[in-house]
Amino acid sequence: MHLISLYRQKPVRNYRTDNCARVFLVKVYLVFTTKNFPWLTIIVALPIFAGSSILFFPHRGNKVIRWYTICICILELLLTAHVFCYHFQLDDPLIQLEQDYRWINLFDFHWRLGIDGLSVGPILLTGFITTLATLAAWPATRDSRLFHFLMLAMYSGQIGSFSSRDLLLFFIMWEFELIPVYLLLSMWGGKKRLYSATKFILYTAGGSIFLLMGVLGMGLYGSDEPTFNFETLANHSYPAVLEIIFYFGFLIAYAVKSPIIPLHTWLPDTHGEAHYSTCMLLAGILLKMGAYGLVRINMELLPHAHFLFSPWLVIVGTMQIIYAASTSPGQRNLKKRIAYSSVSHMGFTIIGISSITDKGLNGAILQIISHGFIGAALFFLAGTTYDRIRLLYLDEMGGIAIPMPKIFTMFSSFSMASLALPGMSGFVAELVVFFGIITSQKYLLIPKILITFVMAIGMILTPIYSLAMLRQMFYGYKQFNAQNLHFLDSGPRELFISICIFLPVIGIGIYPDFVFSLSVDKVEAILSNYFYR
């Protein structure tokens, strides 16, 4: 009986251990819900560190590597969305989620990150487009480990560029994402991939020299110790000539990346030879870094020089719209025609930034986001079409609308978005840029009328080359009457990617305040500092 009673006794509960566990869980909860947690560092570092483990995967098993990379991209995107939803205040134009860690004591180099309304949109765009580009790269099987590692490394570099609050860190991130692009182009490109990759690296590295000179010049000027902190540099004043020199150096680097004519010639060759998943990253994210830098550094840190250069930038942007829209119809290569379309659309961004109005700058930011979606979608569809018909020259195509109706529908939809059809994001962005340049107090009435007239001509030329591209590809009888050709239409993967990009294009076109709510307070802060500094 005694043994039975001992057996039936309830175990003594250790309340002290339970309390310690509760305290630990509370501390963990507080850490993950406070703004002091290094969210941005994790967001920047996660892709590159997670991608490094891919190199240790076995050579065989491409499917495992693909799914692993896609899961990392989705996790990164969800983490970014969580941080912005729960730890970012839309109505606060100041820098948020700041992190500042001393990295190299010798010359006061800091790992300094932070975001504001100007950064949120490009960072979310980067996560969204990179995730879909990784899914689009599913057919790429040659050296899959290195390919997907480079995709994730490029992911980290781009997010680091958009969230850097240290000028030297910004330059390092700017350079860091160029290396994966060069390797992706030179190893997985077309027949002329080495020529295109060499041209790309020569242009971008040449522009980076000017960027480095500007970074070092601003960091070393006026103090015994170098300082690269954005907030500190924003309060510096420079002699007029020196500020113009700094501005011009940064402008050359951004003119290569955006691109701005005449430093644009690398872009059509690069797009013409790159794999379409790489083209999605180039058109959707890489080109937007130049416009972002133009606002973040030139407009915020060098306002007097920007005031002097803005009329010339408006002229260059207007010429770029007309030049690229006129050159695009003469391109036989489908991807090069879309590339010149991108150059033309970036002209609206330059004009919006140079208008020095809240409408113009908000329109430029919206154009960055809008064209990021549309450009990535067009290059993706051009690549999927090439996978099926093995043709890139438009004069060899024709009559593929009937055997591939889904691709025809998606290509037509995004072409309509590219030519700024009302109800889509491109229309709202270009319309707001129009209002921005018209209402600008900086320019006289006659120049504004001339600029608006030329921009309108560019908007008329856009439907001409877009609709001509659709006619050459999908109408006629060349491929439809060809013998022994059986084309497969778009599959579930292609439909999923296209629909995922099309939804925000429609959503922003119907309700653009979703993007404006991110940037409007920051734009007001930039312009108030610009005029009353």
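## A buried alanine between two helices

Alanine 420 is buried, its relative accessible area being 8%; buried denotes under 20% relative accessible area, exposed over 50%, and partly exposed the range in between, for a 1.4 Å probe and protein chains only. The residue occupies the loop between α17 (405-418) and α18 (425-438). Helices (H or I, at least four residues) and strands (E, at least two) are DSSP runs numbered from the N terminus. The phi angle of alanine 420 is near 65°, a positive value in a residue other than glycine.

The model is predicted: local features require pLDDT of at least 70 and side-chain atom pairs pLDDT 80 or more, whereas totals for chains, interfaces and linings use all residues. Residues are numbered from 1 along each chain as its sequence is written, and side-chain values use heavy atoms, with hydrogens and water left out.

## Overall architecture

The chain contains 21 helices and two strands. Of its 533 residues, 57% count as buried. Among contacts with a separation of 6 or more, 80% involve residues 24 or more positions apart, a contact being heavy atoms within 4.5 Å. The accessible surface of the chain is about 23100 Å², with 69% of it belonging to carbon and sulfur atoms; these areas come from the Shrake-Rupley method with a 1.4 Å probe, and for residues only the protein chains shown count as cover.

Strand β1 (residues 96-104) pairs with strand β2 (residues 109-115) in the antiparallel sense over six bridges, pairing being assigned if DSSP finds at least two bridges between two strands. Tyrosine 101 has tryptophan 111 in β2 as its bridge partner. The two strands form a hairpin with four residues between them, and aspartate 108 in the turn has a positive phi of about 55°.

## The largest pocket

The largest pocket has a volume of about 820 Å³. On a 1 Å grid over the protein atoms alone, a pocket is an open set of points where a 1.4 Å probe fits, with protein on both sides within 12 Å along at least five of seven lines; lining residues have an atom within 4 Å of a point. Of the 29 lining residues, Gly190, Lys191, Glu273, Tyr386 and Leu392 are the closest to the centre of the largest pocket.

At least two lining residues come from each of α9 (193-220), α12 (266-273), α15 (334-354) and α16 (358-389), and α16 supplies the largest share, four residues. The lining comprises 11 nonpolar, eight polar and 10 charged residues. Here Ala, Val, Leu, Ile, Met, Phe, Trp, Tyr, Cys and Pro count as nonpolar, Asp, Glu, Lys and Arg as charged, and the others, Gly among them, as polar.

## Lysine 191 and helix α8

Lysine 191 lies in the loop between α8 (178-188) and α9, and is exposed, with a relative accessible area of 86%. Its C-alpha atom is separated by 9.8 Å from that of alanine 274, 83 residues apart along the chain.

The buried residues of α8 are Leu178, Pro180, Val181, Leu184, Leu185, Ser186 and Trp188. These residues pack against α6 (144-163), α7 (167-176), α9, α11 (240-257), α12 and α13 (276-301).

## Further backbone features

Isoleucine 356, in the loop between α15 and α16, has a phi near 55°, a positive value in a residue other than glycine. At 6% relative accessibility, isoleucine 356 counts as buried.

Note on methods: Points joined across faces, edges and corners; volume = space filled by probe spheres on them.
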